[in-house]
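Subject: Structure handover

Hello,

Here is the structure I said I would pass on. Please open it first and keep it beside the notes that follow.

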Amino acid sequence: MVGATVSRVSPNVNCLEGKRCPKCGSYGPFEIVVSMRVLLHDNGTDNVDDGISEYGDDARTTCHSCRHEGQFGDFGE
Ligand SMILES: [Zn+2]
């Protein structure tokens with residue numbers, strides 16, 4: 001650890017790598033409106049957790065910290 005310089009490095013290395021709120025600078029989490037692919041049977045879906053969520057840079061995104069809204073693509077460093 002190098003003290004003050006650590007906070008300047010994004011802790012995100014996976015889904016949110018390179019992502020940061022353009023208003024408050026939060027590294028997340030962010031609420032993202034996703035479209036989801038699920039296996040739909042006549043009696044409903046088996047398990048939504050098995051679905052595949054899809055989102056792109058145009059996905060509506062809300063910062064969990066300051067409630068700033070924008071597109072996912074606008075959230076960057
Ligand atoms: Zn924010």
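The chain has an average pLDDT of 86, and 86% of the residues score at least 70; pLDDT is the predictor's confidence in each residue, from 0 to 100. Over residues 1-6 the pLDDT is below 50, and this stretch has one contact in the model beyond near neighbours in sequence. Two residues are in contact if their C-beta atoms, placed from the backbone, lie within 7 Å.

This is a predicted model, in which local features need pLDDT of at least 70 and side-chain atom pairs count only at pLDDT 80 or more, while totals for chains, interfaces and linings use all residues. Residues are numbered from 1 along each chain as its sequence is written.

The chain as a whole

The chain contains zero helices and seven strands. Helices (H or I, at least four residues) and strands (E, at least two) are DSSP runs, numbered from the N terminus. Along the sequence the pattern is β-β-β-β-β-β-β.

Of the 77 residues, 8% count as buried. A residue is buried if 20 or more other C-beta atoms lie within 10 Å of its own, exposed if 12 or fewer, and partly exposed in between; the C-beta atoms are placed from the backbone. Among contacts between residues at least 6 apart in sequence, 49% join residues at least 24 apart.

The sheet

Three strands make up an open sheet in the order β1-β6-β7, with antiparallel pairing. The edge strands are β1 and β7, each of which pairs on one side only. From one strand to the next, the twist averages 30°. For such angles, axes are lines fitted to C-alpha atoms (for helices, over the stretch in contact), and angles run from 0 to 180 degrees between N-to-C directions.

Strands count as paired if DSSP finds at least two bridges between them. Strand β1 (residues 30-32) pairs with β6 in the antiparallel sense over three bridges, and Ile32 stands opposite Thr61 in β6. Three bridges also join β6 to strand β7 (residues 69-71), and these two run antiparallel. Here Thr62 has Glu69 in β7 as its bridge partner.

Which residues of β6 are on its covered face, and which on its uncovered one? In this strand (residues 60-63), Thr61 and Cys63 are on the covered face, while Arg60 and Thr62 are on the uncovered one.

Thr62 and Arg67

Thr62 is in strand β6. Thr62 counts as partly exposed because 16 other C-beta atoms lie within 10 Å. Leaving aside neighbours within four places in sequence, Thr62 is in contact with Phe30, Glu31, Arg67 and Glu69. Thr62 and Phe72 are 10 residues apart in sequence, and their C-alpha atoms are 8.6 Å apart in space.

Arg67 lies in the loop between β6 and β7. The hairpin of these two strands has five residues between the strands. Arg67 has a positive phi of about 70°, although it is not a glycine. Is Arg67 buried or exposed? Arg67 is exposed, because it has 11 other C-beta atoms within 10 Å.

Before β1

Ser10 lies in the segment before β1. Ser10 has 13 C-beta neighbours inside 10 Å, so it counts as partly exposed. Not counting residues up to four places away in sequence, Ser10 touches Gly18, Arg20, Tyr27 and Glu77. The C-alpha atoms of Ser10 and Ser26 are separated by 9.6 Å, and these residues are 16 apart along the chain.

Pro11 is also found in the segment before β1. With 10 C-beta neighbours inside 10 Å, Pro11 counts as exposed. Between the C-alpha atoms of Pro11 and Gly28, which are 17 residues apart along the chain, the separation is 9.7 Å.

Gly28 is joined to Pro29 by a cis peptide bond, with omega about 10°. Pro29, too, has its place in the segment before β1.

Regards
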